[in-house]
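Hi,

Here is the structure I said I would pass on. Have a look, and my notes follow below.

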Amino acid sequence: MKIESITLHHISMPLVAPFETSFGRETDRQCVLITMRADGLTGYGECVASRDPGYSYETAGTAWHILKDFIAPLILGKDVADAEDFQTRVERIRGHHLAKAGVEMALWDLIGKRDGKSLKQMFGGTREKVGVGVSIGIQESASALVRTVESYLEKGYRRVKIKIKPGREVEETSAVRRAYPDLRLQVDANSAYTLENTSVMRSLDDLDLLLIEQPLYEDDIWDHRKLQAELKTPICLDESIVSPRHARYALEMEACKIINIKPARVGGLSQGIAIHNYCRERNVSVWCGGMLETGVGRASNLALASLPGFTLPGDISASDRYYQRDVTNERFVLNEDSTIDVPDKPGLGITIDSEALKQFTLSEVFLKAE
Ligand code: OSB
Ligand code: MG
C-alpha cells in the first residue's frame, strides 16, 4: 500500500485507578497513537511506549523521535506490501521495537480494510473469544489486595495476576491464596529480584501459582535458567524476550517454561506470531501480555490471542478496568466466562472517537511524503 501520510498523536489518558509496579506508579497512561493513510483508507496503530523508561528503555518521547525522524521517512510515499516488507525497510533501525510495532499495527489495519478481512482472519486465529484475566498493581496492604482481588472476581475475572516487588510479595500472595485456594493466580516482578532472593522465590513456589513472571534482570536469560532449575513453578519471561531469536535462546537454555507475548516488545505483530508458531511447535504455552492499551491496542491483542497456541488467559481486561473514556467508540466487555470477544470487522475492527482523541492529545504532528 502506498503510504500517503502519517499522523502521530502523543496522548495521555487518566486511568480509573493508579497502577503500581516494581518500577513505578502510573495515574495517567501515555502512548503514541498513529494514524496512517494509504489508498484512500485510514489505519490506526498504538505505540505502547509510556512516559517513563521503567518497563522499557523506550518512552513516548523516544518513540516520537524514532517514528518521526527515522521510521516515517523510510515508508512515506513508498509502496509497503505487508508486515514483512515493513520489517525489512526498518531493519537498519536498531532496537526501538515499541515504535516499529505501532506502525506495523497500523499497516495491518490498512491491509485488512483494503481486503475486507479482520486481523484475526489474516492471522489465522481460531477463536471467536479469548480467555482473559486481570493484572492488579501493588496495593497498600495485603488486606487491601485481597479486597481488590475480590472486586475483580465479582466482575467475573477468573485469573488474577498480582504485581510484586521485594518485601511486598510473600505476605501479599499468601493472603490471596488463603482467601481463594482454587484461584488461577500468578505474579509479575518486572525484574525486581536477583538470584540472591532465591529463598523468597522458594516461598512463592509453595503457593500453587500458574507462573512467576520476569523475576530477574530485564536483559537476562542465563540467571533465569539457574532460578528455573530451583523451582517447580514455571518461570514466564516478559521483558527478556525481545525477538523470536530470544524466544529460541530462552527455550534452548530452559530459562522459562512459558512466554508472555507482547507484540510491541518483540517489534510487531508479525514477530509475535513468529514466537507463537515457534512455541506451538514445541508445545510451550504462550499468553498475550498487556501494556494498559487503549481500545486500539486492545483490539490488536485480542486478534493475536485468537491464535491456537495462546492457551493461557491474557492480560487483556475489559475497557472499564482501565479507562472511563477511551479513544475508540467500541468498548470491550467481559463475558460471563471470563472471555472477551475478538473483533471481526475489517482490520482492527475499531473506529476512533475523535472528540476523545482531541481531549487526550498532548501534541500532534502530520507527516507527508515530500
Ligand atoms: O509487565 O506485564 C507487564 C503494564 C504495563 C507495563 C508492563 C506490564 C503491565 C501489566 C498490565 O501487567 C497488563 C494490562 O494491560 O492489563
Ligand atoms: Mg510483565
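Is Glu-213 buried or exposed? Glu-213 is buried, at a relative accessible area of 0% (buried means under 20%, exposed over 50%, partly exposed in between, with a 1.4 Å probe and protein chains only). Asp-188 also counts as buried, with 1% relative accessibility.

Before the rest, some housekeeping. This is a predicted model, where local features need pLDDT of at least 70 and side-chain atom pairs count only at pLDDT 80 or more, while totals for chains, interfaces and linings use all residues. Residues are numbered from 1 along each chain as its sequence is written, chains are lettered from A and ligands numbered from 1 in the order in which they are written, and side-chain values use heavy atoms, leaving out hydrogens and water.

Now the metal. The magnesium ion (ligand 2) has Asp-188 (OD), Glu-213 (OE) and Asp-238 (OD) as its protein donors, 2.1 to 2.3 Å away (donors are N, O and S atoms within 2.8 Å of the metal, or 3.2 Å for Na, K and Ca; water is not among the atoms, so sites may look incomplete). Along the sequence these donors follow the spacing D-x24-E-x24-D. Asp-188 sits in strand β7 (residues 184-188) and Glu-213 in strand β8 (residues 212-213), so the pair, 25 residues apart, links distant parts of the chain (strands are DSSP runs of E, at least two residues, and helices runs of H or I, at least four, numbered from the N terminus).

Then there is a helix pair: the axes of α9 (residues 244-252) and α10 (residues 269-281) come within 9 Å and cross at roughly 25° (axes are lines fitted to C-alpha atoms, for helices over the stretch in contact, with angles from 0 to 180 degrees between N-to-C directions). That makes α9 roughly parallel to α10, a label for angles under 35 degrees.

Cheers

How values were computed. Parallel < 35°, antiparallel > 145°, perpendicular 65-115°, else oblique.
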